[in-house]
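Hello! Here is the structure we talked about, with some notes to read beside it. Please open it first and then follow along.

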Amino acid sequence: MKPFVLDHADSPDAALAALDAGATAIAGGTNLVDLMKLELATPEKLVSIRRTGLDEISADGDGLMIGALVSNADCAAHRRVREGWPLLAKAILAGASPQLRNRATTGGNLCQRTRCGYFYDSTQACNKREPGSGCAAREGFNRIHAVLGTSDQCIATYPGDMAVAMLALDAVVMTEGPYGPRRIPLAMFHRMPGDEPSRDNVLEAGELITAVRLPAPTGGVQVYRKVRDRASYAFALVSVAVDLAMEEGRIARCALAFGSLGTVPWRDRAVENVLIGEKPTPALFAQAAEVLLKDAQGFGENDFKIPLAARALAATLHEATQTGKA
Ligand SMILES: Cc1cc2nc3c(=O)[nH]c(=O)nc-3n(C[C@H](O)[C@H](O)[C@H](O)COP(=O)(O)OP(=O)(O)OC[C@H]3O[C@@H](n4cnc5c(N)ncnc54)[C@H](O)[C@@H]3O)c2cc1C
Ligand code: SF4
């Protein structure tokens, strides 16, 4: 690991000043320290933002404001989260391990980097790590890679769970930065690789996530299904988050998001529109999957994700619509 200077900011303003002076923010450190050990990230200055006071969960009108430094464990255990937005608690608890969730934070989770093995191996070509060097995954070991939203330059997924639930819940990322505060809908936060895969999200230099805002609870049935190689402590192969409501045997409202399927947490309103107003049947679920996956492209080892996503969607919708009926 390269030597670095570590400072502690005791307020958001102090953190912003440090970022402005070129420091990199460190929150739980569960991703950044790994990257530093591999010298994939080599910041000379780090500013710890753990003492900035951004670790509160508070009501915000009908909604909820989750501070950027709230740990994943605290967020999932919070009574208001469990009561009003259980999808979020379920998704967080499906991720990582208890030790990691105690340390990992809301802001850090959103900014976690891909799990593509070539990204972590500096002997391999990787446009995300070294722009212009190529993409070893396209012709290589790509079992965990994306089938939606890929580009010639990069096919890596955003691997997290929390953001998938937040996307289905219409969350908004609150930031402060050199150009003032911003409210970034989660749907706009992560970037598809395009021809600039090194940028995972739309944060500008010096910008700090201060909180994530959830709008009012919907009162819907909320299910998070994570398909993975092991039952715990594994990233998703495909995950599905749904928040829906049934009325008179039909799907009255439906929000759906998918993880580890696309290069970003994936939401497609056309899929929701197929379902809304209809009676839940296997044929309807298959039609929704067809719309979701019409542009999906496998790269060999990850071809299985396409039928897997269709089955995971059907199983999730079956569970949610049966629960909603009761
Ligand atoms: C073995 C292992 C298994 C895991 N499994 C899962 C899983 O199944 N599902 C899942 O979702 N996640 C999983 N994770 C990811 C883990 O949840 C992330 O590492 C964690 O959420 C990152 O949060 P952090 O606070 O530690 O971020 P850090 O490591 O401190 O920071 C990560 C990045 O975010 C930036 N950052 C942090 N906070 C802010 C902020 N407020 N504003 C702007 N930038 C900021 C940092 O500069 C850095 O670039 C796993 C991690 C490991 C190591
Ligand atoms: S998929 Fe993306 S992260 Fe993986 S090797 Fe290719 S460019 Fe790098």
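**The antiparallel sheet and its helices**

In this predicted model, strands β9, β10 and β11 form an open sheet of three strands in the order β9-β10-β11, with antiparallel pairing. Its edge strands are β9 (221–227) and β11, each of which pairs on one side only. Direction ignored, neighbouring strands of this sheet are turned by 15° against each other on average. Some terms before we go on: helices (H or I, at least four residues) and strands (E, at least two) are DSSP runs, numbered from the N terminus, and two strands pair if DSSP finds at least two bridges between them. Axes are lines fitted to C-alpha atoms, for helices over the stretch in contact, and angles run from 0 to 180 degrees between N-to-C directions.

Also, residues are numbered from 1 along each chain as its sequence is written, while chains are lettered from A and ligands numbered from 1 in the order in which they are written. Because the model is predicted, local features need pLDDT of at least 70 and side-chain atom pairs count only at pLDDT 80 or more, whereas totals for chains, interfaces and linings use all residues; side-chain values use heavy atoms, with hydrogens and water left out.

Let us look at β10 and β11. Strand β10 (residues 238–247) runs antiparallel to β11, and nine bridges join the two. Take L244, whose bridge partner in β11 is C254, or A241, whose partner there is A257. Two residues lie between the strands of this hairpin, and E248 takes a positive phi near 50° in it.

Is β11 largely enclosed or largely open? Seven of the 10 residues of β11 (residues 250–259) are buried, so this strand is largely enclosed by the rest of the structure. Buried means under 20% relative accessible area, exposed over 50%, and partly exposed in between (1.4 Å probe, protein chains only).

Now to helix α11 (residues 282–292), where L284, F285, A288, A289 and L292 are buried. Seen down the axis of α11, these buried residues fall within an arc of 140°, so they line one face of the helix. The arc is that of the directions from the helix axis to the C-beta atoms. A283 and E290, on the other side of α11, are exposed.

What covers the buried residues of α11? The cover includes β11, α10 (269–275) and α12 (305–325). α11 and α12 pack at an angle of about 135°, with their axes 9 Å apart. The two helices are therefore oblique to each other: angles under 35 degrees count as roughly parallel, over 145 as roughly antiparallel, 65 to 115 as roughly perpendicular and the rest as oblique. F285, A288, A289 and L292 in α11 meet residues of α12, among them A310, L313 and L317; contact means heavy atoms within 4.5 Å. α12 also lies across β9, β10 and β11, running at about 30° to β10.

**The parallel sheet**

Another open sheet of three strands has the order β1-β3-β2, with parallel pairing. β1 (5–8) and β2 (24–26) stand at its edges with a single partner strand each, so one side of each has no neighbour in the sheet. Three bridges pair β2 with strand β3 (residues 45–48) in the parallel sense, and I26 has S48 as its bridge partner in β3.

A41 sits in the loop between α2 (32–37) and β3, and counts as buried at 17% relative accessibility.

Happy exploring!
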